[in-house]
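Please look through the sequence and the model below before reading on.

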Amino acid sequence: VFVANLFGDKSDISLVDNQVLSEINVNEIPSATNSSKIRISGNTYNVETLIIFLNNQEVKRVQISSKKEFSTIIENLTDGQNEIYFIGDLKRTDKRKKSDIYTVISKTSKPNIEITSPKDRTNTPKTEIDIVGKTDADSSIRINDQPVVVGSDGNFKYLVRLNEGENKFLIVAQDEAGNTENLTLTVIYEK
């Protein structure tokens with residue numbers, strides 16, 4: 001038990017008595033998003049009001065319905081790492097229940113993508129060629145819808161077979177928040 005309510009202000013309570021039977025169950029929260037807001041839902045037991053904190057600041061109070069469920073949108077996520085947690089005011093008591101802390105990455109910019117070899121519109125007599133490039137370390141790469149291994153430094157290399165004439169490759173980088181960047185590479189195979 002932690003005593004923090006010396007002046008009678010419930011907002012000053014930072015820890016709660018875990019011996020009071022109550023629950024805050026949050027449905028899956030994304031680990032990353034490309035938006036500055038997310039929808040959060042869940043259910044509670046023995047909680048009247050749910051107080052939502054974003055980066056240690058109270059951002060919203062939600063009255064719990066008779067079905068013991070809640071659904072709300074949290075806005076103003078900052079670019080980068082955000083921490084979200086919940087404190088529930090328990091029914092018929094001045095106690096509070098604190099949830100786990102959830103981390104959400106908000107990223108609104110597109111991932112970088114650079115092809116270092118071959119150059120666009122390259123002519124080659126080879127039947128196979130490596131596509132070599134670099135992207136952000138947290139991004140994945142697909143070339144013509146095929147997954148490509150990306151190193152921890154963002155570098156990638158992918159061997160492709162060429163058909164005679166123009167060969168087009170759609171290269172897509174996608175980061176953990178779902179942002180994408182596309183690039184088209186053309187390689188010309190001439191015997």
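## The surroundings of I40

Leaving aside residues up to four places away in sequence, I40 touches V26, I29, F70, S71, T72, I74, I84 and F86, where contact means heavy atoms within 4.5 Å. This is a predicted model, in which local features need pLDDT of at least 70 and side-chain atom pairs count only at pLDDT 80 or more, while totals for chains, interfaces and linings use all residues. Residues are numbered from 1 along each chain as its sequence is written, and side-chain values use heavy atoms, with hydrogens and water left out.

## Two nonpolar cores

A nonpolar core is a set of buried Ala, Val, Leu, Ile, Met, Phe, Trp, Tyr and Cys residues joined through side-chain atoms within 4.5 Å, and buried means under 20% relative accessible area with a 1.4 Å probe, protein chains only. The largest such core has 18 residues, and those with the most contacts inside it are I38, I40, I84 and F86. At least two residues of this core come from each of β1 (23-26), β3 (38-45), β4 (47-54), β6 (69-74) and β7 (80-90), and β4 gives the most, with four residues.

A second, separate core has 16 residues, among them I113, I131, V160 and I171.

## An open sheet

Strands are DSSP runs of E, at least two residues long, numbered from the N terminus, and two of them pair if DSSP finds at least two bridges between them. Five strands form an open sheet in the order β11-β17-β16-β13-β14, with mixed pairing. Because β11 (122-124) and β14 (146-148) stand at the edges with a single partner strand each, one side of each is left without a neighbour in the sheet.

Within this sheet, β13 (residues 139-143) and β16 (residues 165-175) run antiparallel and are joined by five bridges, and S139 stands opposite D175 in β16.

Technical notes:
Buried < 20%, exposed > 50% of the residue type's maximum accessible area, 1.4 Å probe, protein only.
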